[in-house]
Amino acid sequence: MECIILTGCTSGLGLAIHEKLCIDSAWEGRCLFVGRGMSRLKKNSLHLYFEMDMSSCADWDELIAGLSENITRVTLISNAGVIHPITDVSLLAMDDVDRAVNVNYLSPLSLVSKLSWWTKNNRVS
């Protein structure tokens with residue numbers, strides 16, 4: 001069974017992809033949606049939802065542990081990201097810089113690393 005993991009599914013492009021996958025019967029029960037603010041979504045009971053803030057990589061182990069052994073292929077759509085605040089770099093607070101680096105770089109890198117390990121150990125492509 002092929003599985004799609006979509007991060008950043010609660011707004012913008014990610015929300016549009018979520019809505020499209022939920023109405024496509026070819027993907028019924030084969031999607032895992034990851035994001036924060038899941039209350040904004042019209043959830044489809046056939047899919048899995050995992051609420052997390054991408055600024056923390058701590059929850060990836062829990063997400064990976066919950067993947068089915070029936071999965072033969074994983075497609076990752078790494079869509080989560082932050083662009084705020086947009087200002088002169090000299091005016092940015094370090095908390096904003098940390099959040100941007102975590103969400104836009106470290107968290108996706110961590111997820112890809114953990115998925116690579118999981119797929120290798122479970123003979124998944």
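Guide: Burial terms come before the pairs. A residue is buried under 20% relative accessible area, exposed over 50%, and partly exposed in between, using a 1.4 Å probe and protein chains only. This is a predicted model, where local features need pLDDT of at least 70 and side-chain atom pairs count only at pLDDT 80 or more, while totals for chains, interfaces and linings use all residues. Residues are numbered from 1 along each chain as its sequence is written, and side-chain values use heavy atoms, with hydrogens and water left out.

The chain holds three helices and four strands. Helices (H or I, at least four residues) and strands (E, at least two) are DSSP runs, numbered from the N terminus. Their order along the sequence is β-α-β-β-α-β-α. Of the 125 residues, 34% are buried.

Next, the charges. Lys and Arg count as positive, Asp and Glu as negative; His and the chain ends are not counted. Each charge is placed at NZ of Lys, CZ of Arg, CG of Asp or CD of Glu. There are 11 positive and 14 negative charges, and their mean positions are 7 Å apart.

A salt bridge needs a side-chain nitrogen of Lys or Arg within 4 Å of a carboxyl oxygen of Asp or Glu. The rule gives three.

Take Arg99 and Asp53. Their side chains meet at 3.1 Å, N to O. Arg99 sits in helix α3 (residues 94-121) and Asp53 in the loop between β3 (48-51) and α2 (60-65), so the bridge ties together parts 46 residues apart in sequence. Arg99 is partly exposed, at 27% relative accessibility. Asp53 is partly exposed too, at 32%.

Helix α3 also supplies Lys114. Lys114 pairs with Asp61, and the closest N and O atoms are 3.0 Å apart. Asp61 belongs to helix α2, so this pair links distant parts of the chain, 53 residues apart. Lys114 is partly exposed at 25%. Asp61 is partly exposed at 48%.

Arg73 bridges to Glu2, with 3.8 Å between the closest N and O atoms. Arg73 lies in strand β4 (residues 73-78) and Glu2 in strand β1 (residues 2-7), so the pair ties together parts 71 residues apart in sequence. Arg73 has a relative accessible area of 46% and is partly exposed. Glu2, at 25%, is partly exposed as well.
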